[in-house]
Amino acid sequence: MFRRILTPLDGSTLSEGILPYVRALAPAFGARVALLRTYEDMTHELTFRDNADLTSITTALEPLARRLHNEAEDYLVKVSRGLQELDIATDIAVRSGPTAIHIVNEAETVNGTLVAMSTHGRTGIGRWIMGSVTDRVLHTTTAPLLVVHPERGAPSVDSTAVIQTLIVPLDGSELAETVLPVAAEVAKATGAKILLMESVGVPSGYYPEEDTSGITGVSIVSDMEDQAEEYLGIKARELRDQGAANVDTVVSRGSAAAEIEELARATPDSMIIACTHGRSGVGRAVLGSVIDRLARHSGHPALIVRAPQ
């Protein structure tokens, strides 16, 4: 499924927070790891700003560009050697110019590429801030995107992550279900359990402590939960038929984003796998915006799959 894992790094320890997951997934899929680092192309900026002669600027900046390129290449070689010691095949690439554009373009060169990156790596002046780059890539690439926001308790950068549970949020829509074949393949490759979840929203303006009818709010929510449990049970059986041996389900009540976060927090060694454009009917979660929010702010690894247009 994943033939190559494209891993952008900026030289910081924070950006290297993705490496434990690269070490876990690359052997599981037999994938090559393509390490990418960029540096800023100052020629264009100076030419545009000062209307100066391009040739003279290029000549003047050539020693600096060469130094930045060599530093980036030396860094990637060092990271590459560490992966090769684990029998992970690697390639390295250094590019000058806009990081997000290079990531998106590079991801499209090989079918079966997974982009894997940290959301908050940062280096010194003139280099790139991973948070904003990840945001641009998330909304541009058609490749699956694994994002990690390193925080306290995350695997150390020189370790290999353990992936025991894949949390898959659904909302009843076909678009959200786009992620299910991906989840099945990841589960088979890693041996992880799949935990399908759906969050049922409480009707707006309903306050359980004020409900004495026993008919309106309570029965509506109860019916929604029953429907969600039945739906998830059907999807769980389909996944088992696809070869995912261990599949469970959970229905929660409340905000989708909060419930996904809470479940991930309560489930050690978990990874969220979700589609960016799932949408269901009235009263349920709009998963597209929820997953975008989780990708930016969650402290849990999230594998985001773009739904077909």
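This note sets out numbered points on the structure shown above.

1. Basis of the note. The model is predicted, so local features need pLDDT of at least 70 and side-chain atom pairs count only at pLDDT 80 or more, while totals for chains, interfaces and linings use all residues. Residues are numbered from 1 along each chain as its sequence is written, and side-chain values use heavy atoms, with hydrogens and water left out.

2. Overall make-up. The protein chain contains nine helices and ten strands; helices (H or I, at least four residues) and strands (E, at least two) are DSSP runs numbered from the N terminus. Of its 309 residues, 49% are buried. Here buried means under 20% relative accessible area, exposed means over 50%, and partly exposed lies in between (1.4 Å probe, protein chains only).

3. Surface and contacts. The accessible surface of the protein chain is about 15,000 Å², and carbon and sulfur atoms account for 50% of this surface. Areas come from the Shrake-Rupley method with a 1.4 Å probe, and for residues only the protein chains shown count as cover. Among contacts with a separation of 6 or more, 79% are between residues 24 or more positions apart; a contact means heavy atoms within 4.5 Å.

4. Helix α6. This helix spans residues 180-190, and its buried residues include Leu 180, Val 182, Ala 183, Ala 184, Val 186 and Ala 187. Glu 185 and Lys 188 also lie in helix α6, three residues apart, about one turn of the helix. Their side chains form a salt bridge at 3.1 Å, N to O, a salt bridge being a side-chain nitrogen of Lys or Arg within 4 Å of a carboxyl oxygen of Asp or Glu. Glu 185 counts as partly exposed because its relative accessibility is 32%, and Lys 188 is likewise partly exposed, at 41%. Just after α6, Gly 191 takes a positive phi of about 80°.

5. Salt bridges at Lys 235. Glu 177 forms a salt bridge with Lys 235, with 3.3 Å between the closest N and O atoms. This pair links distant parts of the chain, 58 residues apart: Glu 177 is in the loop between β6 (165-169) and α6, and Lys 235 is in helix α7. Glu 177 counts as buried because its relative accessibility is 17%; Lys 235 is buried too, with a relative accessible area of 11%. Lys 235 also meets Glu 238 in a salt bridge (3.3 Å, N to O). Lys 235 and Glu 238 both lie in helix α7, three residues apart, about one turn of the helix. An α-helix has 3.6 residues a turn, so residues three or four places apart point the same way. Glu 238, at 35% relative accessibility, is partly exposed.

6. Salt bridges in total. The count for the structure comes to nine salt bridges. Arg 4, Arg 95 and Glu 106 are linked in a network of such bridges.

7. Negative patch. Asp 223, Asp 226, Glu 229 and Glu 230 form a negative surface patch. Patch residues have over 30% relative accessible area and no salt bridge, with like charges joined within 9 Å and nonpolar side chains (Val, Leu, Ile, Met, Phe, Trp, Tyr) within 5 Å. Lys and Arg count as positive and Asp and Glu as negative, whereas His and the chain ends are not counted; each charge is placed at NZ of Lys, CZ of Arg, CG of Asp or CD of Glu. Glu 229 belongs to helix α7 (residues 217-241) and is partly exposed, at 48% relative accessibility.

8. His 139. This residue lies in the loop between α5 (130-138) and β5 (145-148). With a relative accessible area of 40%, His 139 is partly exposed.
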